[in-house]
Amino acid sequence: MKPYAKAQTLKYIGLQDRRRKITDEQRAEILKIRQETGAGYRTIAKQFNVSRSLVRLICDPVAAARVSARIAEH
């Protein structure tokens, strides 16, 4: 059994999942800022106190799909 297989299948409601770093509203705000102002990932990450990679994965769904596929391979 893969070490994180169970964690990927658990279903949590809203903010019940403690692994979440931001809310759905913050995610929408990040997308809005990126689309309207074209601000960089690092700038947005500092505003929300999260990593640059998290902002990149939110703004770039293709990159998020690649990361998910890479995790699934392992």
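Guide: A word on conventions comes first. This is a predicted model, in which local features need pLDDT of at least 70 and side-chain atom pairs count only at pLDDT 80 or more, whereas totals for chains, interfaces and linings use all residues. Residues are numbered from 1 along each chain as its sequence is written, and side-chain values use heavy atoms, with hydrogens and water left out.

Visitor: How many helices and strands are there in the protein chain?
Guide: Helices (H or I, at least four residues) and strands (E, at least two) are DSSP runs, numbered from the N terminus. The protein chain has 5 helices and 0 strands, and its elements run α-α-α-α-α from the N terminus on.

Visitor: What share of the residues in the protein chain is buried?
Guide: Buried means under 20% relative accessible area, exposed over 50%, and partly exposed in between (1.4 Å probe, protein chains only). Of the 74 residues in the protein chain, 18% are buried. The accessible surface of the chain comes to about 6100 Å², and 53% of that belongs to carbon and sulfur atoms.

Visitor: What part of the contacts joins residues 24 or more positions apart?
Guide: Contact means heavy atoms within 4.5 Å. Among contacts in the protein chain with a separation of 6 or more, 33% are between residues 24 or more positions apart.

Visitor: Which residues of helix 2 and helix 4 meet?
Guide: Helix 2 contributes Arg27, Ile30, Leu31 and Arg34, and helix 4 contributes Val55, Ile58 and Cys59. The residues of this contact divide into 5 nonpolar, no polar and 2 charged. Here Ala, Val, Leu, Ile, Met, Phe, Trp, Tyr, Cys and Pro count as nonpolar, Asp, Glu, Lys and Arg as charged, and the others, Gly among them, as polar.

Visitor: At what angle do helix 4 and helix 5 pack?
Guide: Their angle is about 110 degrees, with the axes 5 Å apart. Helix 4 and helix 5 are therefore also roughly perpendicular to each other. In this contact, Arg56, Leu57 and Cys59 of helix 4 meet Pro61, Ala63, Ala64, Arg66 and Val67 of helix 5. Those residues divide into 6 nonpolar, no polar and 2 charged.

Visitor: Which residues of helix 4 are buried?
Guide: They are Val55, Ile58 and Cys59. Seen down the axis of helix 4, these buried residues fall within an arc of 90 degrees, so they line one face of the helix. The arc is that of the directions from the helix axis to the C-beta atoms. The cover over them includes helix 2, helix 3 (41-48) and helix 5 (61-73).

Visitor: Which residues of helix 3 are buried?
Guide: Ile44, Ala45 and Phe48 are the buried residues of helix 3. They cover an arc of only 100 degrees around the axis, which puts them on the same side of helix 3. What covers them includes helix 2 and helix 4. The face turned away from this buried side carries the exposed residues Arg42, Lys46 and Gln47. Gln47 has a relative accessible area of 52%.

Visitor: Is Ile33 buried or exposed?
Guide: Ile33, placed in helix 2, is buried, with a relative accessible area of 15%. Not counting residues up to four places away in sequence, Ile33 touches Gly38, Ala39, Ile44, Gln47 and Phe48. Ile33 and Ile44 are 11 residues apart in sequence and 7.8 Å apart in space, C-alpha to C-alpha.

Visitor: What is the phi of Asn49?
Guide: Most residues other than glycine have a negative phi. Asn49, however, has a positive phi near 55 degrees. Asn49 is found in the loop between helix 3 and helix 4, and at 72% relative accessibility it counts as exposed.

Definitions and conventions:
Accessible areas come from the Shrake-Rupley method with a 1.4 Å probe; for residues, only the protein chains shown count as cover. Axes are lines fitted to C-alpha atoms, for helices over the stretch in contact, and angles run from 0 to 180 degrees between N-to-C directions. Angles under 35 degrees count as roughly parallel, over 145 as roughly antiparallel, 65 to 115 as roughly perpendicular and the rest as oblique.
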